[in-house]
Every structure is written in C-alpha cells, then in structure tokens.
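Please read them alongside the sequence and the coordinates.

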Amino acid sequence: MVFRNQFGGRRSSRRGGGFRWPIMVLFAIGAAIYYFTNQEEVPFTGRQQLRTMEPEQEMQLGLQSYEQILADNRQNLVMSGEIYDATQEIGRRIAEAAANEDPGFDWTFNVIRSDQANAFALPGGYTAVYTGLIPIAENENGLAVVMGHEVGHALAHHGAERMAQQNMQRIVGSGVAMSAGGMDYEAQRAVMGVFGGISQYGYALPFSRKHESEADYIGLILMSRACYDPREAPRLWERMGAQAGASPPEFQSTHPSPETRVNDFEAWMPEAIDIYNQNCPNKISLSQ
C-alpha cells in the first residue's frame, strides 16, 4: 500500500486471467450456425460446402477481376493462331459437356503470352491459358486436362467457398482473441500462435488441397464427356512433376503433390473411360 500510494496508486498492467471459455463457446455457436445454415451441394461430387454467394454475384466479381487481368496483359493477348484456336475449341467442348451443371456462367476463353505454365478460371467462367503451359501440355488432350480442371473450380464455386471459409475463420479468430483478452501478453501470443497454426495447417491448407483434387476429378469427367482422352491426365502430371523440381512437403502446400494427383487420376480412370465410351465414337480402354 505504501508503494501504491507513493506512485499515484497505479496498478501493474500485467494481466494474469485465464482463457474465458464462455466467450469462446458463444463464438463457436455463432460459427456453427453460420456454417450449417449456408450449406450447398457441389455438382459432380455431392460434397456439402459452405457458400453464401449467389452465382450472379460470383459472375460480377469474376468479371471485374478478369477485365483487369486482360487490361494488364493487353499487349500479350493472343487473338489468333493454332494455340488460340485449340483453346477456343477445347473450352467450347468442355463448357458444352458441363451444360447440365452450369448455373449460367459466361464462359470465356483467352490466351495470354507468358512463361507461366498455368491457367485459371475465375468465378463466372472467365478463363485464360498462359502460353508457358503449352510445351508441358504437349497436345490437345493435355491442354484439356488443365482447362477441365480450371472449369471444375468454377463449377464447384471454390472461390465463393473460400470467401465463406475465411469469414468463418474470422468469426472463430475473433472469439479466440476475445477469450484470451484477460491473459497476459505472452499467454495471448501463445494462444493466437496455436490458433494460427491450427487454422493454417489443419483447416486452410487441407481445404485448398481438397479443392484442387475436386477440380481434378470434375475436370477429368468433363474432358471425358467432351471426348478428350482421359488417359492423358496422369501423363500430364508426370510431366508437371518432372518440371516442378523440388517442392515443400504436401502438408505445407496448397496443392496435392504431382505423385498424389497421378495416383488419384489412375484411381478415377475406369469411371472416366466408361464416360468417354458412352459419349464418344472411338472406344478406349485402360490397356491401350
């Protein structure tokens, strides 16, 4: 008491309270309500996903981003030639193959001159292929694997799902922060560090890999319906793996490893070949 009076009655700012579980329970209930009242079914797979955005909103956001990307690459747009024609034809056939699951997207396909070995499809069906991908794709079937995968992302509404997931993570994160608010600084840092690690490695990265695998599966089905040879899919990812070189362990990555993708495609191949043979004049088999 002598010291407190002498120094103006101020108390130490160090807090030593424990984690306030009642607050965390309230936020967890809020997150659960948000999750279970916003469930939608993913086409092709039937998986239940967290999604709050309507397809019309997806299209609007996707178009804005797409127009900006095209404007930034105006000098590098490829508007004619063999690669352009192949991209248009593959895109058209894959979009037609997705007609029953298409929510009304505005399928658009462009080619961008770049060393990137990549492609993308934004929400709403706005798609582009980078020319750096062509040497690895090697042929139209290989290009159809990649384009089918990107179209699969759009049809599965993965962009909208990621936004909804991030909202739920923010709800839970706010609950953790408020629940730890009575603890001292070092304890708060420790709690938030554990939450960050669990959020990243136990939630965000596994979901990202799940999205990639789901898009692989949907793309394989679509290219088979469109009469592109599905047997090229594992071959493409063998080439991708050879091109990629050293990479982090799969649990630290947003994407499955090339080896995992090859194994997945081989497991799905009998179904894909059946779909191909039901829709296409030339019949194929695993042994060919």
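1. A contact, as the word is used here, means heavy atoms within 4.5 Å. On that basis, and bearing in mind that this is a predicted model, residues 24 or more positions apart account for 72% of the contacts in the protein with a separation of 6 or more.

2. The secondary structure amounts to ten helices and six strands. The radius of gyration is 24 Å, well over the 19 Å that the globule rule gives for 288 residues, so the protein is more spread out than a compact globule. The C-alpha trace, for its part, spans about 95 × 40 × 40 Å along the principal axes.

3. Turning to burial and surface, 45% of the 288 residues count as buried, while the accessible surface of the protein comes to about 15,300 Å², with 53% of that area belonging to carbon and sulfur atoms.

4. A search of the whole structure turns up one disulfide, which joins C227 to C280 at an S to S distance of 2.1 Å. The pair links distant parts of the chain, 53 residues apart, since C227 sits in the loop between α8 (185–225) and α9 (232–244), whereas C280 belongs to the segment after α10 (258–279). The link of C227 and C280 is left-handed, with -105 degrees about the S-S bond.

5. C280, with a relative accessible area of 3%, is buried.

6. Backbone angles deserve a separate point, because most residues other than glycine have a negative phi. F44, which is not a glycine, has a positive phi of about 80 degrees; its place is in the loop between β1 (39–41) and β2 (48–50), and at 22% relative accessibility F44 counts as partly exposed.

7. H157 is likewise not a glycine and has a positive phi, in this case of about 55 degrees. The place of H157 is in the loop between α6 (140–155) and α7 (158–179), and since its relative accessibility is 5%, H157 counts as buried.

Key. Residues numbered from 1 in each chain as written. Predicted model: local features only at pLDDT ≥ 70, side-chain atom pairs only at ≥ 80, totals over all residues. Heavy atoms only, no water. Disulfide = S-S within 2.5 Å. Helix = DSSP H or I, 4+ residues; strand = E, 2+ residues; numbered from the N terminus. Buried < 20%, exposed > 50% of the residue type's maximum accessible area, 1.4 Å probe, protein only. Rg over C-alpha atoms; globule rule 2.2 N^0.38 Å. Areas by Shrake-Rupley, 256 points an atom, 1.4 Å probe, with all protein chains shown as cover.
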